[in-house]
Amino acid sequence: MKKTQIIDRSQDRRFMREALTLAAEGASLGEVPVGALLVQNGEVIGRGFNCPISRHDPSAHAEMVAIRAAAQSLENYRLPGSTLYVTLEPCSMCAGLIVHARINRVVFGATEPKAGVVQSRGQFFIQGFLNHRVLVEGGVLAEECSTMLSEFFKARRG
């Protein structure tokens, strides 16, 4: 028998606000403002923000940084029972990592119409060939997440 997961929407908003703070930290360094954190049993186990420019690493997306930090902290490459909070819908690279890390749930803020593969450009997590299922909740604090990105790119163009 499968356990039913109880989802606390107020907790989702609280952790998404923390992810927004991380995104702002990245923006202050000139990085695209995307923040992510990984939570297990109500505790943050990994944090990250986009930093491919400063790290000279194309894989240094917020999700990748947070998941790597959590795996190092727990000394385990599998992170079952965890929830990833990210301010922007994950790309294909990050979606693959989420499956490989066995993350239980992804909560994202803004959609990513160009490269998001959770909802916008496809529904990666429901593909039959995957050996792990991921629960998804989109649109949490979407307006705030989207506004942060829009303002960042507007300032960059201006």
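**Briefing: a buried glutamate and its surroundings**

Glu 63 is buried, because its relative accessible area is 4% and the cut-off for buried is under 20%. The model is predicted. UniProt, in an unreviewed entry, lists Glu 63 under "active site". The points below start with this residue and then turn to the whole protein.

**Glu 63**
- Glu 63 sits in helix 3, which covers residues 62-74.
- Beyond its neighbours within four places in sequence, Glu 63 is in contact with Ala 36, Leu 84, Val 86, Leu 88, Pro 90, Cys 91 and Cys 94.

**Fold**
- The protein has 5 helices and 5 strands.
- Along the sequence their pattern reads α-β-β-α-α-β-α-β-β-α.
- The radius of gyration is 15 Å, close to the 15 Å that the globule rule gives for 158 residues, so the protein is as compact as a globular protein of that length.
- The C-alpha trace spans about 55 × 30 × 30 Å along its principal axes.

**Packing**
- Of the 158 residues, 45% count as buried.
- Take the contacts between residues at least 6 apart in sequence: 58% of them join residues at least 24 apart.

**Surface and charge**
- The protein carries 18 positive and 15 negative charges.

Technical notes
Residues are numbered from 1 along each chain as its sequence is written. This is a predicted model: local features need pLDDT of at least 70, side-chain atom pairs count only at pLDDT 80 or more; totals for chains, interfaces and linings use all residues. Side-chain values use heavy atoms; hydrogens and water are left out. Helices (H or I, at least four residues) and strands (E, at least two) are DSSP runs, numbered from the N terminus. The radius of gyration is taken over C-alpha atoms; the globule rule is 2.2 Å times the number of residues to the power 0.38. Buried means under 20% relative accessible area, exposed over 50%, partly exposed in between (1.4 Å probe, protein chains only). Contact means heavy atoms within 4.5 Å. Lys and Arg count as positive and Asp and Glu as negative; His and the chain ends are not counted. The place of a charge is taken as NZ of Lys, CZ of Arg, CG of Asp or CD of Glu. UniProt positions are given in the numbering used here, feature names are shortened, and annotations may be inferred rather than shown by experiment.
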